[in-house]
Amino acid sequence: MSCSITLKNLSLSRNGDTLFKNVTLSVGHKDKIAVMGPNGAGKTTLLKAIVGLCRVQSGTIEIFHHELITEDDFKKARGHIGFVFQDSDDQIIAPTVIEEVAFGLLNSRMKPAEAQAQAEAILAELGIPHLRDRITLHLSGGEKKLVTLASVLVMKPDILLLDEPSAGLDEKSVNQLAQILASIDKSMLIVSHDLDFVNKMGAQIKYLTPDGLS
Ligand SMILES: Nc1ncnc2c1ncn2[C@@H]1O[C@H](COP(=O)(O)OP(=O)(O)OP(=O)(O)O)[C@@H](O)[C@H]1O
Ligand SMILES: [Mg+2]
């Protein structure tokens with residue numbers, strides 16, 4: 001099977017306490033897998049480990065069958081991965097929504113008019129064109145979540161890591177987001193506490209426990 005993400009026997013400890021061990025998972029091409037589990041189980045830590053923002057003590061991480069070992073390996077892998085953080089404030093950097101969503105495109109040297117057009121298109125797709133000129137600092141929690149999603153999706157990453165993408169969204173936005181994610185033909189690893197949402201987006205569900213993923 002062609003795998004986008006392959007985790008083998010990952011173990012992570014902090015200050016001598018094991019957070020999780022024996023985490024093994026294959027996210028196949030265009031698979032959608034949701035990781036659920038209690039607060040503090042290590043779900044966010046697991047996503048961060050995949051992109052090298054946290055280091056595991058043992059086990060292997062492969063992206064497209066390439067094992068990530070050095071900082072350079074993780075840096076290259078991050079070029080293929082879109083990561084929506086649990087806390088949007090950790091992610092938003094630009095003063096206005098349109099600048100935020102166009103930021104990555106401009107950074108990759110796209111012409112400003114084209115970057116703006118693509119940013120506007122993704123805002124429309126996510127049902128938030130009206131937020132275009134808003135000050136990011138003044139957005140509500142749910143609005144920030146949708147803007148960070150837009151800024152990640154606009155880059156067309158091969159793999160999406162989404163940490164509680166539906167948290168703080170109203171019912172209509174949750175349903176709309178589930179539909180959008182269901183229609184995106186990409187490999188996704190989603191962390192969520194919302195069973196209804198992950199079912200609606202058609203994800204396969206795994207539970208993170210201290211002894212691994214089941
Ligand atoms: N940088 C850090 N340093 C020390 N402890 C940390 C750090 N980051 C997370 N933790 C701790 O590790 C544990 C797992 O955190 P993590 O954020 O991965 O949990 P989670 O499963 O995502 O929880 P939630 O559902 O609440 O988001 C928690 O007890 C947390 O306090
Ligand atoms: Mg978390």
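**Helix α3**

**Conventions**

I kept to residue numbers that run from 1 along each chain as its sequence is written, with chains lettered from A and ligands numbered from 1 in the order in which they are written. Because the model is predicted, local features need pLDDT of at least 70 and side-chain atom pairs count only at pLDDT 80 or more, while totals for chains, interfaces and linings use all residues, and side-chain values use heavy atoms, with hydrogens and water left out.

**Pockets**

I looked next at the pockets, a pocket being, on a 1 Å grid over the protein atoms alone, an open set of points where a 1.4 Å probe fits, with protein on both sides within 12 Å along at least five of seven lines, and its lining residues having an atom within 4 Å of a point. The largest pocket has a volume of about 630 Å³, a volume being the space filled by probe spheres set on the points, which are joined across faces, edges and corners. Of the 20 residues that line this pocket, Ile 81, Phe 83, Gln 91, Val 152 and Met 155 lie nearest its centre. The elements giving two or more residues to the lining are α2 (71–78), β6 (81–84), α3 (97–107) and α5 (141–153), and α3 gives the most, with 5 residues.

The second largest pocket holds about 160 Å³ of space, and its lining includes Gln 118, Ala 121, Ile 122 and Glu 125. Helix α4 (residues 112–125) gives the most to this lining, with 4 residues.

I traced an open sheet of 4 strands in the order β2-β1-β4-β5, with antiparallel pairing, where two strands pair if DSSP finds at least two bridges between them. The edge strands, each pairing on one side only, are β2 (17–28) and β5 (66–67). Strand β1 (residues 3–14) pairs with β2 over 8 bridges, and I noted Val 27 in β2 as the bridge partner of Ile 5.

Helix α1 (residues 43–50) packs on the sheet, touching β1, β2 and β4 (58–63), and its direction makes about 120 degrees with that of β1; such angles run from 0 to 180 degrees between N-to-C directions, the axes being lines fitted to C-alpha atoms, for helices over the stretch in contact. I found α1 largely enclosed by the rest of the structure, because 6 of its 8 residues are buried, among them Leu 46, Leu 47 and Ile 50.

**Gln 176**

Last, I looked up Gln 176, which is found in helix α6 (residues 171–183) and counts as partly exposed at 29% relative accessibility. Not counting residues up to four places away in sequence, Gln 176 touches Glu 125, Leu 126 and Gly 127.

Key: Contact = heavy atoms within 4.5 Å. Buried < 20%, exposed > 50% of the residue type's maximum accessible area, 1.4 Å probe, protein only.
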